[in-house]
Amino acid sequence: MILAAQTGHGFLSPTGVEIAFLLVGLVTLGAALVTVTTRQLVHAALWLVVALGGLAVEYLLLTAEFIAWVQVLIYVGSVVVLLLFGLMLTKAPIGRSPDADSGNRPVAVAVALAAAAALVWVVLDAFRTTWIDLDGPAQGSTRVSGEILFRHWVLPFEALSVLLLAALVGAIVLSRKKNGEEG
């Protein structure tokens with residue numbers, strides 16, 4: 001009896017953090033599904049906020065606070081605001097949009113499932129023999145994340161900033177009125 005209490009929790013006795021991780025993951029998955037299946041663009045953008053916020057909570061539960069705040073500030077704060085800004089400037093339809101559905105839903109589902117299966121297979125294959133060093137610094141810490149970002153990912157990070165700037169300029173150019181056009 002004492003031995004069972006000292007062994008800790010197992011697969012069949014999850015901790016509160018593991019239960020919270022699962023519940024937040026299910027809510028995030030539901031929000032992501034609603035994001036891609038809704039026919040209203042503004043609702044899709046708002047459900048995207050819920051899905052990206054759920055990912056930030058998952059990072060917090062994994063004790064990667066820096067990555068969680070980056071998720072909130074960059075994705076939830078900037079990308080979704082830019083998306084909504086672009087929707088408003090380009091005068092996209094606010095309500096239901098009949099032209100938002102091309103009728104290729106079965107093909108899209110098949111491609112999405114194939115892509116998800118390929119992604120799972122690649123990730124499992126890539127990390128099959130990888131072991132996490134629990135004695136070193138936490139992988140989500142600011143120091144480790146900063147070293148990796150500025151050593152290996154500077155060019156993609158800057159390319160993303162140029163892409164976001166181009167999207168903003170493109171939305172402004174598309175929203176400008178031509179001479180003699182009323183709107």
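**Helix 2 and its two faces**

In this predicted model, the buried residues of helix 2 pack against helix 3, which covers residues 41-61. Helix 2 itself comprises residues 16-37, and its 22 residues reach 32 Å from the first C-alpha to the last, close to the 32 Å expected at 1.5 Å a residue. The buried residues in helix 2 are T28, A31 and T35. When the helix is viewed down its axis, these buried residues fall within an arc of 60 degrees, so they line one face of helix 2. An α-helix has 3.6 residues a turn, so residues three or four places apart point the same way.

The face of helix 2 that is turned away from the buried side carries L22 and L23, both of which are exposed. L22 and L23 also belong to a nonpolar patch on the surface, formed together with I19 and L26, and the accessible area of these four residues together is about 390 Å².

With regard to the chain as a whole, the secondary structure comes to seven helices and zero strands, the order from the N terminus being α-α-α-α-α-α-α. Of the 183 residues in the chain, 14% are buried, while the accessible surface comes to about 14100 Å², with 72% of that surface belonging to carbon and sulfur atoms. Among contacts between residues at least 6 apart in sequence, 64% join residues that are at least 24 apart.

Key: Residues are numbered from 1 along each chain as its sequence is written. This is a predicted model: local features need pLDDT of at least 70, side-chain atom pairs count only at pLDDT 80 or more; totals for chains, interfaces and linings use all residues. Side-chain values use heavy atoms; hydrogens and water are left out. Patches are made of residues with over 30% relative accessible area and no salt bridge: like charges are joined within 9 Å, nonpolar side chains (Val, Leu, Ile, Met, Phe, Trp, Tyr) within 5 Å. Accessible areas come from the Shrake-Rupley method with a 1.4 Å probe; for residues, only the protein chains shown count as cover. A salt bridge is a side-chain nitrogen of Lys or Arg within 4 Å of a carboxyl oxygen of Asp or Glu. Helices (H or I, at least four residues) and strands (E, at least two) are DSSP runs, numbered from the N terminus. The expected span of a helix is 1.5 Å times one less than its number of residues. Buried means under 20% relative accessible area, exposed over 50%, partly exposed in between (1.4 Å probe, protein chains only). The arc is that of the directions from the helix axis to the C-beta atoms. Contact means heavy atoms within 4.5 Å.
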